[in-house]
Amino acid sequence: MTETLFHAYLPLIAWTSLGLIMLRLVPETLPHWLGRGLYWVGIPLEILALARQTNFSEPAGLAPGITLAAIGTGVAIAYLCLASLQQFAARSTNANISGFLAQPWDKPSYQGSFILAAALGNTGFVGLSIVPTFIDPEYLSWIVFFSITHNIVGAYGFGVLIASYFGRSEQSHHWWIHLRDVLTVPILWAFAIGYFTQDVALPPVIESGLQGSIDVAIACAFLLIGMRLSQLPGWKSFQQGIIPAVLRVIVIPGLVGVATTFVLGLSGDRRLAMVLMSGVPTAFAGLIFAEEYELDRTTIASSIILSTILYLLVLPLWLYVFGN
């Protein structure tokens with residue numbers, strides 16, 4: 001398992017480290033435009049390629065429903081956690097505790113980033129690269145359906161709504177603006193095109209280009225993470241990502257494991273697949289939303305790193321508790 005994790009995380013470490021170094025050599029505006037490029041081009045191409053090669057006729061059981069339940073639970077817990085921590089910080093007289101909890105709770109941009117960091121996971125890059133290693137190929141469709149449902153309905157559905165609502169604070173929150181933001185998300189159109197063109201044979205050059213775009217998008221995403229990390233003001237900035245990272249990697253998958261066991265009666269690889277996919281690190285899509293909707297970038301960037309480290313540590317526990 002150690003060797004598998006090493007090979008899976010090697011691209012993340014390498015490209016993120018390069019991003020840390022690159023920002024000293026390139027314009028400071030590059031991360032912003034790289035994030036927007038991923039939002040409008042990179043990620044849509046990846047989803048288009050994934051939608052074309054996935055067999056949607058395979059039985060995926062309860063995977064889409066579990067995915068939506070996990071996202072909804074994450075949003076609810078994050079919101080309640082924000083409210084509770086805000087009250088606790090206001091009443092606390094302990095200087096150390098007050099300092100740790102002295103976050104901009106009342107800022108919509110921070111609240112939106114907190115919720116996105118806790119509720120959205122990196123099911124595309126981390127999930128699809130690691131989880132299949134521990135799951136029987138017979139249940140691969142469960143993993144793919146979880147990832148697609150999470151990205152289409154979760155990240156680029158509810159995620160866009162949350163980012164649109166909490167971001168761009170100067171913008172009036174009319175319902176039609178949020179609906180417009182969802183309907184114009186490029187990943188939704190990319191998925192539709194990929195799904196309805198599954199039976200359409202494309203020239204080999206285009207097919208290979210689509211597959212190659214996945215690797216390019218992954219590399220650019222990790223570069224963006226590294227660039228944003230280099231802009232963090234200091235180690236104290238990681239305090240903003242501790243709580244959402246714990247919610248994302250420990251609390252939410254733990255609840256999914258309990259619910260799938262005692263409520264749905266799942267066991268074996270089906271249950272393990274849902275637990276591992278629901279507990280992947282914070283989605284880099286949140287960082288892209290932060291660029292596009294002017295949210296708090298520090299919270300999401302720090303949560304991505306902390307949740308990635310936690311995921312490596314807690315993964316053996318989930319394998320032991322919810323595996324065969």
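**Entry 1: ground rules.** I noted that this is a predicted model, in which local features need pLDDT of at least 70 and side-chain atom pairs count only at pLDDT 80 or more, while totals for chains, interfaces and linings use all residues. Residues are numbered from 1 along each chain as its sequence is written, and side-chain values use heavy atoms, with hydrogens and water left out.

Entry 2: I looked for cavities, meaning sets of points on a 1 Å grid over the protein atoms alone where a 1.4 Å probe fits but cannot get out, with lining residues having an atom within 4 Å of a point. I found three cavities of 30 Å³ or more, where a volume is the space filled by probe spheres set on the grid points, which are joined across faces, edges and corners. The largest has a volume of about 130 Å³, and of the 18 residues that line it, E46, N122, G124, N151 and F284 lie nearest its centre.

I sorted the lining of the largest cavity into ten nonpolar residues, seven polar and one charged, counting Ala, Val, Leu, Ile, Met, Phe, Trp, Tyr, Cys and Pro as nonpolar, Asp, Glu, Lys and Arg as charged, and the others, Gly among them, as polar.

**Entry 3: the second largest cavity.** This cavity has a volume of about 70 Å³, and its lining includes L12, N122, P281 and T308. The largest share of that lining, three residues, comes from α14, and the lining divides into six nonpolar residues, four polar and no charged.

**Entry 4: N151 and its helix.** I then went to N151, which lies in α7 (residues 140-166). A kink of about 35° in α7 is centred on this residue, the bend being the angle between axes fitted to the seven residues ending there and the seven starting there. Is N151 buried or exposed? It counts as buried because its relative accessibility is 13%, where buried means under 20% relative accessible area, exposed over 50% and partly exposed in between, with a 1.4 Å probe and protein chains only. Since 22 of the 27 residues of α7 are buried, the helix is largely enclosed by the rest of the structure.

A polar atom of the N151 side chain lies 2.7 Å from the backbone oxygen of S147. Not counting residues up to four places away in sequence, N151 touches I47, T123, G124, Y156 and I187, where contact means heavy atoms within 4.5 Å.

Entry 5: V280 sits in the loop between α12 (268-278) and α13, and is buried with a relative accessible area of 0%. Leaving aside neighbours within four places in sequence, its contacts include N122 and T123. S113, in α5 (residues 108-119), is likewise buried at 0%. Finally, E294 lies in the loop between α13 (285-293) and α14; it has a positive phi of about 60° although it is not a glycine, and at 44% relative accessibility it counts as partly exposed.

Terms used:
Helix = DSSP H or I, 4+ residues; strand = E, 2+ residues; numbered from the N terminus. Polar contact = N/O pair within 3.5 Å; in protein donor to acceptor, adjacent residues only side chain to side chain. 1 Å grid on protein atoms, 1.4 Å probe; cavity = no way out; pocket = protein on both sides within 12 Å on 5 of 7 lines; lining within 4 Å.
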